[in-house]
Amino acid sequence: MKTRAAIAWEAGRPLEIEELDLEGPKDGEVLVRIVTTSLCHTDVFTLSGQDPEGLFPCVLGHEGCGIVEEVGRGVTSVQPGDHVIPLYIPEDPNCRYIQSGKTNLCQTIRETQGRGVMPDGTSRFSYKGKPILHYMGTSTFSEYTVLPEISVAKISKDAPLSKASVMGCAVPTGMGAVRNTAKIEPGSTVAVFGLGAVGMAVIQGAVMNGASRIIGVDINPEKFLLAKALGATECVNPKDFEQPIQEVLVEMTGGGLDYTFEAVGNVDLMRAALESCHKGWGESTVIGVAGAGQEIATRPFQLVTGRVWRGTAFGGVKGRSELPGMVDEWMRGDFSVDPYITHHMNHDNINTAFDLLKAGKSIRSVIHF
Ligand code: NAD
Ligand code: DAO
Ligand code: ZN
């Protein structure tokens, strides 16, 4: 079949909309019609060329939602008509990592997904006979995409697909970082570095877990209004201070925070987030994805004196067994996704979504097919 897709031909070049050939689902695979996709900073990062795993040409996009159109042989858990969210971290109940109960990092298709191909080692996308690679196992910047069955989460049909794309990455990542990874207790003090969609979801998660104080940190003060509307008790701009931001935060909080989160992808901020934690018990969670070859550093004494450094992917959420429940929480009104969605646009204008995110003018642009 044919599909209209935004192709990333090479790093640093705007996407181009082309009609691609798409092979139907093979055994254990699912064809999904993407209804909406949204743009996450990770797509921008990969297109920039800084992603060590970035491969071109490919169809980017990992934050989307859609409807199952067709299933391959052996698929039992979804059927045509089901509403689904593509998962860049699959969930295979037979995976040793999943069976450990300790992680959401399913490894079943890790190697092929990392090479931009389906589990049989080939791509379903091609252009004039030449393969175009998949991205993060999802490639949601295409009207139709093919995914392994273990890479789709079936969600309630009550959830509007005009907005549900943000449940494909930003919301579960930020909320999950707070609730699954850091597991913050009621009354905790929290700081979040980076007030994009992921940082905003950290704020929402912190509010839901009963944090007593939530400090948003960003160099773009235009983000502060929304952060406060979502529940940040204060916002600070590191540019307003001469001292390092960790010193400012430690002073503001009389010794440091119980929990901090880095949602930018900047290794210096990761250090600042760790060093903003309270001696003896503060815990910092790295969410942001740093550029190829970058390293984090701190004085080991920071850890010796009780601070903890950890990281999270997709907020530790197991996509098939836990994401549908988060969608239900949204449907029950426990939280809203509306604040994340600052722009809507059609697929032909997808490069505008990149421009807006890079300029700090959007939280999430939802792209409609
Ligand atoms: P975004 O671009 O929307 O937001 C980033 C924010 O950081 C912006 O508000 C920007 O002004 C701010 N910022 C930039 N430099 C800063 C600095 N020096 N100090 C303070 N603030 C600064 O990005 P997003 O989509 O919210 O993603 C955030 C990060 O999380 C990215 O690195 C992305 O790749 C990563 N991410 C990780 C996961 C995961 O599973 N671990 C999932 C999704 C996204
Ligand atoms: O299992 O080794 C692994 C990696 C799984 C993918 C983790 C990706 C999470 C971070 C990338 C940001 C996603 C938008
Ligand atoms: Zn993402």
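Colleague: How many strands form the open sheet, and in what order do they lie?

Modeller: Strands of a sheet pair through backbone hydrogen bonds, in a parallel or an antiparallel way. In this predicted model, six strands make an open sheet, ordered S12-S11-S10-S13-S14-S15, with parallel pairing. Strands are DSSP runs of E with at least two residues, helices are runs of H or I with at least four, and both are numbered from the N terminus. Two strands pair if DSSP finds at least two bridges between them. Residues are numbered from 1 along each chain as its sequence is written, chains are lettered from A and ligands numbered from 1 in the order written, and local features need pLDDT of at least 70, side-chain atom pairs pLDDT 80 or more, while totals for chains, interfaces and linings use all residues.

Colleague: Which are the edge strands?

Modeller: Strand S12 (234-236) and strand S15 (308-311) each pair on one side only. From one strand to the next, the twist averages 20°. Angles run from 0 to 180 degrees between N-to-C directions, with axes fitted to C-alpha atoms, for helices over the stretch in contact.

Colleague: Over how many bridges do S13 and S14 pair?

Modeller: Strand S13 (residues 259-262) and strand S14 (residues 283-286) pair over four bridges. Thr-260 stands opposite Ser-284 in S14.

Colleague: Which strands does helix H8 touch?

Modeller: Contact requires C-beta atoms, placed from the backbone, within 7 Å. Helix H8 (residues 267-275) packs on the sheet and touches strand S10 (189-193), S13, S14 and S15. The direction of H8 makes about 175° with that of S13.

Conventions
Contact = placed C-beta atoms within 7 Å.
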